[in-house]
Amino acid sequence: MGSVPVGRKKRADATDPQTFRSPTAVIVWWVWLLFAAANLVDLAVQGRDHLSLVAAAILALATGVAYVTAQRPRIVADSAGVTVVNPLRDHHIGWAGVTHVDLADLLRVHYQEQGRDKAIYSWAVHYSRRRKLAAETKARRTAAQASSGRRSSFGTFGLESYGTGRRDLGYGSAPASEATPSAEAEAERIARVLNEYATTARAETAWAAGTVEIAGAPPPADEIERAEDGVPDPRVAGWLEPLTSTWNRTALLALLIPALILLVVVLV
């Protein structure tokens, strides 16, 4: 029971954490930060009245909102479990406790609690079924038009079509819309990677516990058998970590301090 079949270790043995977040949100954060900094400098140089103080306080509060909504949200996957960083709260759960990961409007990490299925919603990964369907429809239409153009041209295998000046791309070429992955395709990739992590950890936990029942809740840590050399598998303890949810102090202060400053400036 102490050894694990070859091929199961690829995901669960990974030591380098993987971070998933929205590139658009990061760009928005840095653009806003530059905009706010420039305006604060301008207010510091030219502002001499009460209105300037109010404007500076509003900029500080808006920067705090941008920080918690654009800069903070992410998903961190490491060898022990997955951490979902949302605007104000951080959620961590071991891989063996994750039943599955799917996509609604947001990415959801499902887990079992007292026999009931619950989910953690991640603000870092957004998903739109409507945009996904529209992108697939556009790709099929583009492929159909390209296929129709190949059949009607003399340059079916990559030769130029006489009189039109166009060059057929030939078979095996993909439309331009398929070359660049959409946000929905990236969200699906992230969900697939997280599911692979969780499936591997559940399988190896069940193997260490001497059972193949991996669809339900993971076995308690004290029931995990020791390896053949008498040393418990150190990975299993991390996989069996229960869900912990904590408020992030930095995020709360990023909102509360500017809000209090704005309140004081307005009332004075």
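Histidine 100 stands opposite histidine 110 in strand β6, where helices (H or I, at least four residues) and strands (E, at least two) are DSSP runs numbered from the N terminus. The model is predicted, so local features need pLDDT of at least 70 and side-chain atom pairs count only at pLDDT 80 or more, while totals for chains, interfaces and linings use all residues. Residues are numbered from 1 along each chain as its sequence is written, and side-chain values use heavy atoms, with hydrogens and water left out.

Strand β6 covers residues 106-113 and pairs with β5 in the antiparallel sense over 5 bridges; two strands pair if DSSP finds at least two bridges between them. Both belong to an open sheet of 3 strands in the order β5-β6-β7, with antiparallel pairing. Its edge strands, each pairing on one side only, are β5 (98-103) and β7 (116-126).

Turning to a helix, α2 holds 24 residues (23-46), which at 1.5 Å a residue should span 34 Å; the end C-alpha atoms lie 35 Å apart, in agreement. The expected span here is 1.5 Å times one less than the number of residues. The buried residues of α2 are Ala25, Trp29, Ala36 and Leu43, and they pack against α3 (50-71).

Glycine 81 has its place in strand β3 (residues 81-85). This glycine counts as buried because its relative accessibility is 0%; buried means under 20% relative accessible area, exposed over 50%, and partly exposed in between (1.4 Å probe, protein chains only). Leaving aside neighbours within four places in sequence, glycine 81 is in contact with Val76, His92, Ile93, Gly94 and Trp95, contact meaning heavy atoms within 4.5 Å.
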